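Keep the sequence and the coordinates at hand.

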Amino acid sequence: MKPVSATSEQERHRRDWEDLGKLDPLWAILSDPAKKNNRWDLEAFLESGQAEIDAVMSKADALGYPRQHRSALDFGCGVGRTTRALAGHFDQCLGLDIAQAMVERARSLNGDIKNCRFEQASFDDLVATPNASFDFIYCSIVLQHIADPDAIEQHLRQLVGKLARDGLLVVQLPSWLPARRRMQVRRRSYRMLRSAGVSGEVLQRLRLHPISMTAIPEPEVTRLLSSMGATVLDVARATEVGTGIESRTYWVTMPGAEVGERAAA
Ligand SMILES: C[S@@+](CC[C@H](N)C(=O)[O-])C[C@H]1O[C@@H](n2cnc3c(N)ncnc32)[C@H](O)[C@@H]1O
């Protein structure tokens with residue numbers, strides 16, 4: 001399996017999200033067609049993150065995890081829509097994102113929230129983060145945009161490795177895509193023209209975008225998580241991803257595992 005950091009695909013993926021982060025970040029995060037071209041109302045956008053995290057934390061309480069509320073990681077945090085809502089539940093929250101443009105917007109939007117920090121991070125930065133660092137890890141509508149299932153698996157492995165003992169990882173991934181979503185014509189055209197030197201602005205005017213979508217069947221994901229020594233507490237149907245897409249949210253803990261025993265490479 002090729003390491004994620006060794007691929008030029010990762011560099012193209014980062015460039016795609018930099019383009020999106022500069023041109024239309026809120027639509028790139030919640031892709032409601034009516035909100036394209038910077039038409040999201042900021043207050044409504046941020047309220048959606050609060051409502052999402054309220055529901056997540058009430059389910060977390062019902063499951064009895066995480067046992068401690070010291071630190072949270074929002075992986076693929078975008079502009080901090082959900083990170084800022086996590087700040088009410090954890091002592092310290094870190095938002096990591098592959099795109100510097102997203103991180104800069106997150107910092108400017110959430111400067112008043114003192115226990116939130118935002119950093120640009122590549123896969124290598126995630127690997128370099130000490131194991132068992134976070135009581136809670138949230139990763140929603142992020143891994144689905146990585147085109148290579150092997151790379152998704154490597155990200156999942158790392159996220160599980162960063163989870164503290166009796167912590168909680170909540171991670172979403174589509175489990176099935178309709179055929180038209182698998183073809184990704186707009187994305188292929190965007191990639192080809194962008195690599196030929198056409199700017200993101202021009203491609204946006206042509207109504208092209210680079211957002212990709214990948215699915216991994218639920219049994220494969222649960223098998224993978226179990227092979228890492230994690231316990232899958234629940235798998236729930238996720239509804240917010242898009243028409244025709246089957247998506248799952250996995251609720252995962254690492255009970256009783258010692259840091260040195262972690263499966264993360
Ligand atoms: C659809 S947005 C979701 C943002 C945030 N999770 C939310 O729900 O508001 C996806 C975000 O994931 C980031 N992202 C995509 N691939 C990533 C990766 N491999 N590592 C870190 N961030 C990534 C993108 O830059 C983008 O900000």
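**Charged pairs and a buried loop residue**

Arg14 is partly exposed, with a relative accessible area of 26%; buried means under 20%, exposed over 50%, and partly exposed in between (1.4 Å probe, protein chains only). The model is predicted, so local features need pLDDT of at least 70, side-chain atom pairs count only at pLDDT 80 or more, and totals for chains, interfaces and linings use all residues. Residues are numbered from 1 along each chain as its sequence is written, and side-chain values use heavy atoms, without hydrogens and water.

Arg14 forms a salt bridge with Glu11, with 2.7 Å between the closest N and O atoms. A salt bridge is a side-chain nitrogen of Lys or Arg within 4 Å of a carboxyl oxygen of Asp or Glu. Glu11 is partly exposed at 43%. Helices (H or I, at least four residues) and strands (E, at least two) are DSSP runs, numbered from the N terminus.

Arg194 pairs with Asp19 in a salt bridge at 2.6 Å. This one links distant parts of the chain: Arg194 is in helix H9 (residues 185-195) and Asp19 in helix H1, 175 residues apart. Asp19 is buried at 7%.

The whole structure holds 14 salt bridges. Glu218, Arg237, Glu246 and Arg248 form a network of them.

Now turn to Gln144, in the loop between strand S4 (134-139) and helix H7 (149-161). Gln144 is buried, at 3% relative accessibility. Its contacts (heavy atoms within 4.5 Å) include Gln172, Ser212 and Val241.

How values were computed
Lists of a residue's contacts leave out its neighbours within four places in sequence.
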